[in-house]
Amino acid sequence: MGLVAALYVALGLLFLPLSFGPLQFRFAEMTNAIAVFNKRYVWSVTIGCFIVNMFSSLAAVDLIVGTANTLVITGGSYLISRLIKNYWARLAVVPVVGALSMFMIALELKYIAGAPFWITYAGLMLTEFVMCAAGAIIFGLIERSKSIPTKYKFSN
């Protein structure tokens with residue numbers, strides 16, 4: 001769990017200038033896909049997000065709203081993926097849930113920074129979808145390669 005949180009933090013801080021604002025490419029969001037493998041990773045990714053959000057210019061608000069958004073993405077993806085049998089369809093849940101949930105961040109940016117809601121939401125949806133889809137593909141291929149212990153797999 002600590003390694004997953006550390007991976008989120010490392011990716012978030014490595015690409016820090018791209019991680020915040022109305023058009024953000026938060027590479028750390030690729031780790032959201034890990035949550036479909038085990039509910040423990042919901043908390044790992046959320047803790048990693050909390051740590052990265054300490055570096056936000058919207059600090060206190062982003063610590064609450066941004067971290068809650070990650071919990072919604074990872075928790076929602078985990079719960080929905082349990083209902084789907086197809087391996088890749090389970091992973092495809094993550095970018096969809098991630099993109100749709102970005103309304104929380106768009107609202108935050110509207111009320112705190114004065115960003116226009118719909119344009120901000122569209123940009124955030126696009127970038128979140130891309131980051132989560134990339135993570136789903138990467139971590140899906142890693143899991144399929146048998147490099148993750150069997151007890152963490154959701155396939156037989």
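## Helices H5 and H6

The crossing of H5 and H6 is right-handed. This comes from a predicted model. The two helices, H5 and H6, pack with their axes 9 Å apart. The angle between them is about 140°. An angle over 145 degrees would count as roughly antiparallel. H5 and H6 are therefore oblique to each other.

## Helices H3 and H5

H5 also pairs with H3. Helix H3 spans residues 59–81, and helix H5 spans residues 103–113. Their axes come within 9 Å and cross at roughly 165°. So H3 runs roughly antiparallel to H5. The handedness of the H3 and H5 crossing is right-handed.

## Helices H4 and H6

Two packed helices are described by the angle between their axes and the distance between the axes. For H4 and H6, the axes lie 7 Å apart. The packing angle is about 155°. H4 is therefore roughly antiparallel to H6. H4 passes H6 in a right-handed crossing.

## A nonpolar surface patch

H4 and H6 also meet in a surface feature. Val-96, Leu-100, Leu-126, Phe-129 and Val-130 form a nonpolar patch on the surface. Together these residues have about 440 Å² of accessible area. Helix H4 (87–101) and helix H6 (117–144) are the elements that give two or more residues to the patch. H6 provides the largest share, 3 residues.

One of the patch residues is Leu-126. Leu-126 sits in helix H6. Its relative accessibility is 55%, so Leu-126 counts as exposed. The cut-off for exposed is over 50%.

## Gly-123 on H6

Helix H6 also holds Gly-123. Gly-123 has a relative accessible area of 14%, so this residue is buried. Buried means under 20%. Gly-123 and Tyr-78 are 45 residues apart in sequence. In space, their C-alpha atoms are 24 Å apart.

## Leu-71 on H3

Leu-71 belongs to helix H3. At 31% relative accessibility, Leu-71 is classed as partly exposed. Partly exposed is the class between buried and exposed. Ala-89 lies 18 residues from Leu-71 in sequence. From C-alpha to C-alpha, Leu-71 and Ala-89 are 20 Å apart in space.

Val-9 is part of helix H1, which covers residues 2–14. The relative accessibility of Val-9 is 15%, and Val-9 therefore counts as buried. Val-9 and Leu-63 are 54 residues apart in sequence. The C-alpha separation of Val-9 and Leu-63 is 14 Å.

Cys-49 is found in helix H2, residues 40–53. Cys-49 has a relative accessible area of 1%, so Cys-49 is buried. Phe-20 and Cys-49 stand 29 residues apart along the chain. Their C-alpha atoms are separated by 12 Å.

## Summary

In this predicted model, H3 is roughly antiparallel to H5, and H4 is roughly antiparallel to H6. H5 and H6 are oblique to each other. The nonpolar patch draws on H4 and H6.

How values were computed. Residues are numbered from 1 along each chain as its sequence is written. This is a predicted model: local features need pLDDT of at least 70, side-chain atom pairs count only at pLDDT 80 or more; totals for chains, interfaces and linings use all residues. Side-chain values use heavy atoms; hydrogens and water are left out. Patches are made of residues with over 30% relative accessible area and no salt bridge: like charges are joined within 9 Å, nonpolar side chains (Val, Leu, Ile, Met, Phe, Trp, Tyr) within 5 Å. Accessible areas come from the Shrake-Rupley method with a 1.4 Å probe; for residues, only the protein chains shown count as cover. A salt bridge is a side-chain nitrogen of Lys or Arg within 4 Å of a carboxyl oxygen of Asp or Glu. Helices (H or I, at least four residues) and strands (E, at least two) are DSSP runs, numbered from the N terminus. Buried means under 20% relative accessible area, exposed over 50%, partly exposed in between (1.4 Å probe, protein chains only). Axes are lines fitted to C-alpha atoms, for helices over the stretch in contact, and angles run from 0 to 180 degrees between N-to-C directions. Angles under 35 degrees count as roughly parallel, over 145 as roughly antiparallel, 65 to 115 as roughly perpendicular and the rest as oblique. A crossing is left-handed if the near helix is turned anticlockwise from the far one by less than a right angle, and right-handed if clockwise.
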